[in-house]
Amino acid sequence: MSESNTELKQTDPEIFERLQAEDRRQGRTIRLIASENYASAAVRQATASRLTNKYSEGYPGRRYYQGQEHTDAVENLARDRACKLFGAAHANVQPYSGSPANLAVYYALAELGDPILGMGLPFGGHLTHGWKVSFSGRFYDAHHYEVDPDTECIDFAAVREVAREVQPKMIICGASAYPRTIDFAAFAEIADEVGAYLLADIAHIAGLVAGGAHPSPVGAADVITSTTHKTLRGPRGGLIMCDDKLAKDIDRAVFPALQGGPHMNAVAAAAVAFNEAMSEDFEDYAHQIVKNAQALADGLAGYGLRLVAGGTDNHLLLVDLTPRELGGRDAAVALEKAGIVVNSNSIPFDTRGPFDPSGIRIGTAAVTTRGMDTDDMAQIADFIGRVLDDLDDDDALSRIGSEVEEFCADFPLP
Ligand SMILES: *Cc1c(COP(=O)(O)O)cnc(C)c1O
């Protein structure tokens with residue numbers, strides 16, 4: 001929490017106490033949720049700025065309310081930095097988050113009922129890639145591709161086959177739980193062949209792309225969406241990038257079609273994060289995330305756990321608990337008791353239900369931000385292995401929890 005919260009403490013002690021407690025929780029636990037990170041103090045300061053007071057409907061130079069000299073400058077900086085960071089021609093930094101960014105792309109590029117093709121949720125795709133409980137599955141004729149049952153990697157022959165059959169208006173690639181490199185060029189070839197737009201959703205891997213630790217979709221995809229808060233390590237927010245040809249349609253979809261006033265405090269904080277991501281330090285950070293994920297994968301394999309797709313090329317691992325005859329939910333709950341925070345996750349062709357699936361998803365973006373290295377990953381693998389050995393022994397879990405807390409004390413939060 002911010003360093004000077006005396007007003008908050010006085011006016012709302014209930015919330016103040018909770019925020020303090022959350023700070024302590026974040027500090028003493030090992031954060032392995034693959035979509036989470038720790039934003040810098042500079043990013044948090046911009047988020048907490050008085051820009052939260054300002055209405056700025058429209059775009060720089062074309063606003064509907066007066067008083068925009070600084071918001072215009074801030075949004076221009078954010079857009080220019082996003083373009084420079086990713087090598088994109090156009091950026092829209094106003095989406096409130098990743099899901100609204102995707103909604104805006106659908107709105108801009110497809111009509112209601114159009115066929116779309118995305119990665120199935122149980123195979124690592126996101127809800128907004130056409131899953132039935134999301135707008136994207138309800139308002140469009142959604143079809144899905146899966147991974148190869150043997151390799152658990154994207155099977156491009158199968159993607160091509162379903163694309164030819166379905167003739168989608170848009171193909172969506174990018175994932176929330178896929179541990180291998182995404183071949184954007186291979187998707188682009190298929191999209192070209194069937195006359196579909198290609199949307200690359202890099203919500204999870206944007207920081208790796210920015211830091212050169214994962215290939216970029218720029219040049220392959222027609223539109224790129226992202227969050228700003230996952231590996232990119234900014235404030236909560238969304239981002240859309242495209243070439244000049246689609247810029248107007250994308251901008252109109254975000255405002256006025258789907259959103260009102262942008263959250264300019266978040267836009268300022270995103271600008272700060274884009275600037276941070278252009279540094280050499282961030283390049284090192286992105287590569288260290290991947291090294292750490294691979295070290296953690298090696299460590300966990302030593303505990304008789306099976307890694308989906310055989311390991312990882314990015315910031316996350318999917319661990320199949322089936323060989324240990326454990327469920328993902330029980331494992332995640334036990335890990336939390338020991339101060340290790342993960343989420344349970346479906347694995348490809350999961351035989352268990354989505355609320356208690358066969359796997360857990362583990363990401364290294366946040367622990368890498370705290371300065372942990374590959375040796376520390378071996379220690380974390382050891383903690384995880386011991387928790388899974390003693391799942392039902394609350395005393396053992398609390399003993400491991402004390403060790404975890406001690407371990408975390410060496411890695412202060414930003
Ligand atoms: C996280 C995520 C999103 C959505 O982001 P929110 O900010 O949670 O709305 C979209 N696509 C993918 C692939 C994601 O992983």
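This is a predicted model: local features need pLDDT of at least 70, side-chain atom pairs count only at pLDDT 80 or more; totals for chains, interfaces and linings use all residues.
Residues are numbered from 1 along each chain as its sequence is written, and side-chain values use heavy atoms, with hydrogens and water left out.

**View 1**
The protein comprises domain 1 (47-276) and domain 2 (287-408), with bounds taken from an automatic or database domain assignment. A separation of 29 Å lies between the C-alpha centres of domain 1 and domain 2. Each domain supplies 23 residues to the contact, where contact means heavy atoms within 4.5 Å. Domain 1 and domain 2 bury about 1,900 Å² between them, and carbon and sulfur atoms give 57% of this area. Buried area here is the accessible area (1.4 Å probe) that two parts lose on being put together, summed over both. In domain 1, the residues losing the most area to domain 2 are Glu 152, Pro 179 and Arg 180, together 34% of what that side buries.

**View 1. Polar and charged pairs across the domain interface.**
The side of domain 1 that touches domain 2 has eleven nonpolar, seven polar and five charged residues; the nonpolar class is Ala, Val, Leu, Ile, Met, Phe, Trp, Tyr, Cys and Pro, the charged class is Asp, Glu, Lys and Arg, and the others, Gly among them, count as polar. Two salt bridges are counted between the domains, a salt bridge being a side-chain nitrogen of Lys or Arg within 4 Å of a carboxyl oxygen of Asp or Glu. Arg 306 and Glu 152 form a salt bridge through their side chains, at 2.8 Å from N to O.

**View 2. Further salt bridges.**
The structure has 17 salt bridges by this rule. In one of them, Glu 36 pairs with Arg 31, with 3.1 Å between the closest N and O atoms. Arg 31 is buried at 10% relative accessible area, whereas Glu 36 is partly exposed at 30%; buried means under 20%, exposed over 50%, and partly exposed in between (1.4 Å probe, protein chains only). Asp 72 and Arg 63 are joined by a salt bridge of 2.7 Å, N to O, and both residues are buried. For the salt bridge of Asp 382 and Arg 386, the N to O distance is 3.7 Å.

**View 3. Cysteines without disulfides.**
The structure contains zero disulfides, a disulfide being a pair of cysteine sulfur atoms within 2.5 Å. Cys 83 is buried, at 14% relative accessibility. Cys 153 is likewise in no disulfide, and the nearest cysteine sulfur, that of Cys 173, is 15 Å away. Cys 153 is partly exposed, with a relative accessible area of 22%.
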